[in-house]
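Here is a friendly note to read alongside the model. Take the points one at a time and find each residue on screen as you go.

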Amino acid sequence: MTDMTDMTDPARSEPIRYRVDLTDRVQHLVRVTVTVPSDLASDARIVLSVWTPGSYVVRDYVHHVQWIRAEAPDGRQVALRPDGGTAWRLPADLDGPVDVTLELYANELTVRTNHVDDHHALLIPAATFPYVEGGEDRPHEIHLPAAPTGHRVFSLLPATDAPDTYLAEHRDHLIDSAFEVGDLPRVDFEVAGVPHVFVWAGHGGTPDLPRVARDATAIGEACVALFDGALPTDRYTFLTVGADEGGGGLEHRDGAVLQMPIRVFQDDELYRRFQSLIAHEYLHLWNVKRLVPAALVRPGYDRPTRSESLWVAEGWTAYYDELLPTRAGLWTVRQLLDTLQTTAQRVRDTPGTRLQSLRQASYEAWTKHYVRDENSPNAMTDYYGHGSLVAFELDLRLRAADPDGDGLDTVFRLLWDRHAGQEAGYTEADVLSAIAEVGGDPLAALIDTRVGTAGAPELDDIVTAVGLTWSSAEGPTPPHLGVEARDDDRGVIFGSVLRDGPAWQAGLTGGDQLIAIDGRVVGSGQLKVTLLAHQAGDTVEVAVRRGPRLLLLPVTLGEPVPASRLGPSPSAGDLQREAFRRWTGHPLPAA
Ligand SMILES: [Zn+2]
């Protein structure tokens with residue numbers, strides 16, 4: 001039966017159908033055909049997204065389009081003309097469906113870009129499936145046969161009864177659901193009774209699948225406990241890619257794409273970062289994917305969509321991605337404190353922290369955070385690290401006021417109960433009012449100031465709320481040079497030169513390759529020991545290579561930057577010990 005509601009309800013209109021052809025995967029080519037339904041075909045605008053959710057930068061995926069053409073069902077070519085840089089338009093007066101096919105080059109292995117080769121195929125929907133304007137709310141159906149034989153498809157979308165076919169409720173659901181194809185190791189497990197699968201698409205590597213299943217289960221349970229309720233999905237998929245280097249993650253509605261170097265299972269420090277990455281992307285199942293900043297609810301994908309709330313969306317998630325592995329018993333308390341003190345030091349010592357507020361950093365993610373250069377530490381703050389410290393300060397202040405309470409967990413739950421799945425999402429005002437409700441108006445006003453004003457949060461005294469204290473780190477501290485240095489095959493490279501520091505005043509610049517200090521060659525890994533041989537106030541001659549030039553510059557070394565250590569306070573009382581236990585799930589270690 002057909003009635004008028006059938007015709008106007010997008011969910012019951014003819015779906016937008018896609019076919020994916022991986023025949024030439026070895027050449028890194030993917031062909032995608034979208035069938036534009038009859039009723040949308042005339043003058044239809046076909047758009048390839050310019051960004052993917054969770055990664056706030058215009059990526060211009062159109063760069064990878066090799067060719068595009070349109071065809072009627074009888075094989076007749078249909079004219080297709082460009083309409084802006086990332087869209088095409090079909091002619092008017094079409095009376096049937098039209099197949100639009102693009103060939104995409106896919107050879108960039110990150111969590112935000114497509115990569116297909118002999119080993120696997122990672123398909124990021126924003127980069128792969130052009131959408132049909134006006135059809136965004138219709139179901140989107142993907143036909144993706146695995147190739148070659150022996151490979152299988154891992155989809156974040158539910159499969160339909162038709163073979164090799166997956167169904168998205170609408171365009172945004174499709175854009176939020178990556179695909180992986182290959183003959184890949186996997187492990188299945190459950191969190192809160194919900195099936196989970198972890199798929200390893202490392203190009204080589206020896207994954208410890210039982211360990212991942214164990215750890216991801218523990219992290220998942222810690223997340224469920226945080227929100228004090230059920231898991232907000234009925235299936236969850238981790239798609240993990242790996243190569244020599246590179247790491248990161250991208251959250252999707254019912255899963256995540258992760259990337260780690262393939263040695264992650266044999267390197268303890270990397271594996272700890274991997275646990276944190278799992279916690280981070282998993283927490284996005286709540287924070288971001290269902291508790292959504294207002295600006296990011298059903299955003300446009302043909303242009304940047306700016307939000308001032310990334311200090312909550314990413315900052316709070318970054319804070320909990322360290323706390324949750326600790327609560328799950330995977331990290332020791334010492335590892336948590338080490339991570340917090342490192343972040344605090346980094347944010348404090350980054351000149352951009354004093355220039356850009358967190359709110360600005362969030363809004364300017366598209367043009368600053370994701371577009372880095374050697375001057376970035378001088379010009380911007382990081383809404384992940386800096387945001388996590390503001391969350392830490394807020395948590396501490398809440399716990400100071402109520403040592404038997406659950407601190408920031410309570411605010412998070414309140415936001416969840418109020419705004420999860422709401423069409424309007426949440427605004428910063430909603431966050432501040434939840435803070436006020438739990439911690440009072442002055443605390444909400446303080447956090448509003450922290451977020452709106454440049455500068456690091458104040459963590460000096462408030463750490464006593466959970467029985468902690470700062471002390472001077474042990475070990476020698478070299479005189480201050482004021483660079484962010486890294487070691488590579490050439491030796492020591494000054495990645496960035498920090499504004500107003502000794503190197504900056506002497507005229508050194510980001511990108512300089514260090515050759516020698518006071519006539520002594522400084523090789524890879526030798527900068528700190530070389531500086532330790534000098535005193536603050538010494539003027540040394542720094543030799544650097546800058547492009548074709550060799551420069552010799554006198555630099556007067558500054559006072560050492562004090563390194564702080566966060567540890568248990570000898571004067572912690574019972575209230576603080578209880579607050580610590582409620583915060584981390586562990587007893588406060590002996591001072
Ligand atoms: Zn994130």
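1. Let's begin with charges. The structure holds 44 salt bridges, a salt bridge being a side-chain nitrogen of Lys or Arg within 4 Å of a carboxyl oxygen of Asp or Glu. Side chains of opposite charge can pair when their charged atoms come close.

2. A word on the source. This is a predicted model, in which local features need pLDDT of at least 70 and side-chain atom pairs count only at pLDDT 80 or more, while totals for chains, interfaces and linings use all residues. Residues are numbered from 1 along each chain as its sequence is written, and side-chain values use heavy atoms, leaving out hydrogens and water.

3. Now look at Asp83 and Arg89, whose side chains form a salt bridge at 2.9 Å, N to O. Both belong to a salt-bridge network that also includes Asp43, Arg45 and Glu133.

4. Next, find Arg290 and Asp254, which also meet in a salt bridge (2.9 Å, N to O). This pair links distant parts of the chain, 36 residues apart: Arg290 is in the loop between helix 6 and helix 7, and Asp254 is in the loop between strand 19 (248-252) and strand 20 (255-261). Helices (H or I, at least four residues) and strands (E, at least two) are DSSP runs, numbered from the N terminus. Arg290 counts as buried because its relative accessibility is 15%, and Asp254 does so at 9%. Buried means under 20% relative accessible area, exposed over 50%, and partly exposed in between (1.4 Å probe, protein chains only).

5. Compare Arg546 and Asp512, joined by a salt bridge of 2.8 Å, N to O. Arg546 sits in strand 26 (residues 539-546), and Asp512 in the loop between helix 15 (502-506) and strand 24 (513-517). Is Asp512 buried or exposed? Asp512 is buried, at 0% relative accessibility, whereas Arg546 is partly exposed at 22%.

6. Finally, consider the domains, with bounds from an automatic or database assignment: domain 1 (4-181), domain 2 (186-283), domain 3 (301-471) and domain 4 (483-556). How many salt bridges are there between domain 2 and domain 3? The count is zero. These two domains bury about 1,600 Å² between them, 71% of it on carbon and sulfur atoms; buried area is the accessible area (1.4 Å probe) that two parts lose on being put together, summed over both. Leu226, Phe227 and His280 supply 39% of the area that domain 2 buries against domain 3, more than any other three residues.
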